[in-house]
Amino acid sequence: MGSETTLKLPTIDFSKVELKPGTPEWDLVKVQVHEALQEFGCFEALFDKVPSDLRKAIFDALEDLFNLPLQTKLKNSSKKPYHGYVGQYPMVPLYESMGIDDANHPEKAESFTNLLWPEGNPDFSKTIQSYSEQLSELDQIIRRMVLESLGVEKYLEEHIASTNYLLRVMKYKGPESSENKLGLNAHTDKNIVTILYQNQVDGLEVQTKDGEWINVKPSPDSFTVMIGDSFYAWANGRFHSPYHRVMMTGFETRYSLGLFSIPKAGYIIKAPEELVDEDHPLMFKAFDHVEFLGFYYTEAGQKAKSALQTYCGV
């Protein structure tokens, strides 16, 4: 698997200027995004549209959420794999998480909140909705830059419309040990783009193409952006979809959030013809993300070295 390294992920600043497509500032950041995703499949993003008071409030909200009784948290159920409550797993006993579909929409955030707090909790609802809405803007900036850098920006409208957002909130208990303990197994994400944010308890590790593990130590002002298998397939392998895991040590609880842009059921992921040529032969057959996710959670999908390659590799 390789050893931990002092390598750092690139940091890209989306905050310094008003980024507008076609400006020199936009083009400069776009090149940085393209290079980072080619080499690492991820990077640290500085993005000031999420104000510091909201970033603080989101972790207060998570603490309240995970302190609810288990029976209440189990109300967060979903027919889609990994969209509802996940916990009580012997393989990852430190890990617990919940999912909120379309958390960027006020009515969806309110519906989730009222399910768990029938008496209402408007502060919680507003916090998760505002956070998700602001970060969805970063997601769309990144995706536009990626499509422009590949010369296929004509597909942008369809590409953005093909996804919705899942906010996944996560809690990792401290193992109360100085030894590293597994918080979450090594995996690639299966979606389009993931934007992670954490409290200042480290644990996230990302694997390089060479098999080395990078300890990710983001600042309180930065978000970790990575691409998933669906974007990797859509771009016909032009970028790297990185393995990552969580390793925990010490006594402190780690809270993190992931905003996932996820292909809608029924939308067929297929590499644009412009990205297929002699130097880049087609790597994957067209597929439905939800059906692929269903395969991933089967025994065969879990055992596969690459579930994507096994499922739809050419």
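This is a predicted model: local features need pLDDT of at least 70, side-chain atom pairs count only at pLDDT 80 or more; totals for chains, interfaces and linings use all residues.
Modeller: Two strands pair if DSSP finds at least two bridges between them.

Colleague: In which sense do β3 and β10 run, and how many bridges join them?

Modeller: In general, strands of a sheet pair through backbone hydrogen bonds, and they do this either parallel or antiparallel. Here β3 and β10 run antiparallel and are joined by five bridges. On the β2 side, β3 pairs in the parallel sense, over three bridges. There Ile-12 stands opposite Ala-45 in β3.

Colleague: Is β3 largely enclosed or open?

Modeller: A residue is buried when its relative accessible area is under 20%. Four of the five residues of β3 are buried, so the strand is largely enclosed by the rest of the structure.

Colleague: What is the order of the strands in the open sheet?

Modeller: Seven strands make up this open sheet, in the order β2-β3-β10-β7-β12-β5-β4, and the pairing is mixed. At the edges stand β2 and β4, each with a single partner strand, so one side of each has no neighbour in the sheet. From one strand to the next, the twist averages 25°. Within the sheet, β7 and β12 pair in the antiparallel sense over six bridges. Tyr-197 has Leu-257 in β12 as its bridge partner.

Colleague: Which strands does helix α5 lie across?

Modeller: Helix α5, residues 122-150, lies across β3, β4, β5, β7, β10 and β12. Its direction is at about 120° to β5.

Colleague: Now a helix. Which residues of α2 are buried?

Modeller: The general idea first. An α-helix has 3.6 residues a turn, so residues three or four places apart point the same way. In α2, the buried residues are Leu-54, Arg-55, Ile-58, Phe-59, Ala-61, Leu-62, Leu-65 and Phe-66. They cover an arc of only 155° around the axis, which puts them on the same side of α2. The face turned away from that buried side carries the exposed residues Ser-52, Asp-53 and Lys-56. As for length, α2 has 15 residues and reaches 22 Å from its first C-alpha to its last, close to the 21 Å expected.

Colleague: How do I read one residue in its surroundings? What does Tyr-255 touch?

Modeller: Start with its place: Tyr-255 is found in strand β12. Its relative accessibility is 8%, so Tyr-255 counts as buried. Leaving out residues up to four places away in sequence, Tyr-255 touches Phe-59, Leu-62, Glu-63, Phe-66, Met-170, Lys-171, Tyr-197, Gln-198 and Asn-199. Among these contacts, Phe-59, Leu-62 and Phe-66 are also buried residues of α2. Sequence distance and spatial distance are separate matters: Tyr-255 and Gln-198 are 57 residues apart in sequence, while their C-alpha atoms are 5.8 Å apart in space.

Colleague: Which residues cover the two sides of strand β8?

Modeller: Leu-204 and Val-206 lie on one side of β8, Glu-205 and Gln-207 on the other, and all are buried. With β11, β8 pairs in the antiparallel sense over three bridges, and Glu-205 stands opposite Arg-245 there. Three bridges also join β8 to β9, again antiparallel, with Trp-213 in β9 as the bridge partner of Gln-207. β8 and β9 form a hairpin with five residues between them, and Gly-211 in the turn has a positive phi of about 90°.

Colleague: What is the phi of Asp-102 and of Asn-236?

Modeller: Asp-102 has a positive phi of about 50° although it is not a glycine. Asp-102 lies in the loop between β4 and α4, and is buried at 14% relative accessible area. Asn-236 likewise is not a glycine, and has a positive phi of about 55°. The loop between α7 and β11 holds Asn-236, which is buried at 2%.

Colleague: Which residues does UniProt list for the Fe2OG dioxygenase domain?

Modeller: The UniProt record, an unreviewed entry, lists residues 162-263 under that name. In the model, the end C-alpha atoms of this span lie 6 Å apart, and the span is 6% helix and 56% strand.

Key
Residues are numbered from 1 along each chain as its sequence is written. Side-chain values use heavy atoms; hydrogens and water are left out. The expected span of a helix is 1.5 Å times one less than its number of residues. Buried means under 20% relative accessible area, exposed over 50%, partly exposed in between (1.4 Å probe, protein chains only). The arc is that of the directions from the helix axis to the C-beta atoms. UniProt positions are given in the numbering used here, feature names are shortened, and annotations may be inferred rather than shown by experiment. Contact means heavy atoms within 4.5 Å. Axes are lines fitted to C-alpha atoms, for helices over the stretch in contact, and angles run from 0 to 180 degrees between N-to-C directions.
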